[in-house]
Amino acid sequence: MRGIISKNFLSSLVLLAALVPYTAHAADPIGQVKTADGPVTVERSGASQPVAIGDHVFQSDVIVTAASGSVGITFVDNSMMSLGPDSRLVLDEFKFDTTTHEGEFDSSLQKGTLAVKSGQIVKQTPEAMHIKTPAALLGVRGTEFVVRADGKN
Amino acid sequence: MPGDRRRLAAALGLVLLAGCADKNLVVVIPDSVDGHIGAVVVEANGNKAVLDTAYATATPGSGTLKPGTSDAQQVKEIFGTALTAQPVAPKAYTLYFVNDSDQLTPDSKPAFEKIFVDAQQRKAPEIVVTGHTDTMGDPSYNDKLSLERAKAVSKLFVARGFPAEAISVAGRGQRELLVQTAANKPEPLNRRVEITVR
C-alpha cells in the first residue's frame with residue numbers, strides 16, 4: 001500500500017516536473033533549424049509537422065528524420081546538433097542564461113546517428129549537457145563527438 | 001563433432017552479439033573549427049569511461065562499455081550524413097567605437113562589411129549583438145551607452161536588408177571589460193560590441 005502511494009506520488013511529481021518547465025519556456029525558441037534534407041518532422045504538443053530551414057525549435061520537441069532525412073540545428077548557446085537518417089532526438093530540457101552562460105541541456109537520442117558540438121553552456125559548466133541513449137548516459141565536456149543508438153537496449 | 005558444432009554456434013553467437021553491441025557507439029572527434037580534442041563521459045550499466053583522446057570510442061551495451069579507437073574514415077562511413085548536416089559553426093566578431101559615441105572607429109567599418117558577408121552566406125542567419133563600454137563615466141550611463149552601441153550596429157545590418165527579427169541586442173555596460181582598468185579610465189579596446197553570427 002505504501003509502495004503504491006509513493007509510486008503514485010512520484011509519478012505525479014514527475015508529471016508536475018514535466019509540465020512546469022514546459023509552460024514556463026514554451027514560448028521561447030531554444031534553437032533554429034539551419035540545414036534540412038529529405039523528410040524531417042517535429043513532434044510538438046502531440047502533433048507532427050514537417051521541418052524546414054529557419055524553423056525554430058522548442059523545449060520538449062522531438063526531431064525525427066526519415067530513412068533519407070538529415071537535419072542540423074544551432075541552439076541559442078551556440079551548441080549544434082545534427083541528425084543522420086532514421087533518427088529520433090528528444091529535446092528534453094534546455095535552460096540558458098544569456099548573461100551568465102549558466103544553463104542545462106538534456107536530450108535523448110532514442111535511435112539513429114547524432115553529431116554534437118557543445119556551446120556556451122558546457123564552456124561555462126562542463127557536463128551541464130547530457131545526452132541519454134537507450135544504452136548509456138553521456139556527460140559532455142566539449143566540444144565535438146558523434147553518437148549512434150540502435151534503439152533497442 | 002557435435003562439440004565442435006556447439007563451439008562454432010557459440011562463437012557465431014558471440015560475433016552476432018558483438019555486432020549488436022557495436023551499433024551503440026560514441027566517438028570523440030576533433031573540433032571542426034580549431035581541431036581541439038574535448039571529452040565525453042560515458043556511463044552505462046554502472047561502468048564509466050572518459051573519452052578524451054582523438055577518435056576514442058565507447059560501445060555501450062551488453063553489460064560493458066568497451067573502450068576502443070576509431071578513425072576519420074570509419075567516422076565518415078557511419079556518421080557522414082549527420083556530419084554533413086552540421087550547421088556552419090557560429091562565429092564571434094568585435095567592432096570598436098569612438099569615445100562616448102555610437103559611431104564605429106574607421107577601422108571597424110571595413111570589419112563590419114566582413115561580418116555582413118558572413119551573415120549573408122549563412123542559411124537562416126541570426127545575429128547577437130552585445131555592447132560594452134570603458135570605465136569613463138558612471139555605470140548606469142554606460143549601461144545605456146552600451147545598449148546604444150548594440151542598437152547602432154543592429155541598425156547597420158537592418159539598413160542593409162538583414163531582417164530585424166533575427167537580431168538580438170543587449171548592453172553590458174562596463175561589466176565585461178576586455179582590458180581590466182581602474183574607474184574613469186579611457187580604454188579604446190573596451191569600447192566595443194561583440195557580434196555572434198550563427
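Two strands are said to pair if DSSP finds at least two bridges between them. The views below show a predicted model with chains A and B.

**View 1. Strand 7 and strand 8 of chain B run parallel.** Strand 7 covers residues 127-131 of chain B, and five bridges join this strand to strand 8 of chain B. One bridge links B:Gly131 with B:Gly171 in strand 8 of chain B. Between strand 7 and strand 8 of chain B, the chain passes through helix 4, residues 139-159. This β-α-β crossover is right-handed.

**View 2. Strand 8 of chain B, residues 167-171, has a covered and an uncovered face.** B:Ile167, B:Val169 and B:Gly171 form the covered face. B:Ser168 and B:Ala170 form the uncovered face. B:Gly171, on the covered face, is also the bridge partner of B:Gly131.

**View 3. Strand 12 of chain A pairs with strand 1 of chain B.** The pairing is antiparallel and has four bridges. On the chain B side, strand 1 spans residues 25-28. Within this strand, B:Val28 stands opposite A:Phe145.

**View 4. Chain A and chain B meet in a contact with 40 residues from chain A and 38 residues from chain B.** On chain A, the elements that each supply at least two residues to the side touching chain B include strand 1 (31-37), strand 9 (103-117) and strand 12 (144-149). Strand 6 (70-75), strand 7 (80-83) and strand 11 (137-142) of chain A each supply at least two residues as well. By class, this side of chain A has 17 nonpolar, 15 polar and eight charged residues.

**View 5. Chain A contains two helices and twelve strands.** From the N terminus, the order of elements in chain A is α-β-β-β-β-β-β-β-β-β-α-β-β-β. Chain A has 153 residues, and 46% of them count as buried. Of the contacts in chain A between residues at least 6 apart in sequence, 50% join residues at least 24 apart.

**View 6. Chain B is divided into two parts, domain 1 (20-84) and domain 2 (91-197).** The C-alpha centres of domain 1 and domain 2 of chain B are 39 Å apart. Chain B has four helices and nine strands, in the order α-β-β-β-β-β-α-β-α-β-α-β-β along the sequence. Of the 198 residues in chain B, 33% are buried. Among contacts in chain B with a separation of 6 or more, 58% are between residues 24 or more positions apart.

Key. Residues numbered from 1 in each chain as written. Chains lettered and ligands numbered in written order. Predicted model: local features only at pLDDT ≥ 70, side-chain atom pairs only at ≥ 80, totals over all residues. Contact = placed C-beta atoms within 7 Å. Nonpolar A, V, L, I, M, F, W, Y, C, P; charged D, E, K, R; others polar. Domains from an automatic or database assignment. Buried ≥ 20, exposed ≤ 12 C-beta atoms within 10 Å, placed from the backbone. Right-handed = clockwise from strand over helix to strand, strands pointing away.
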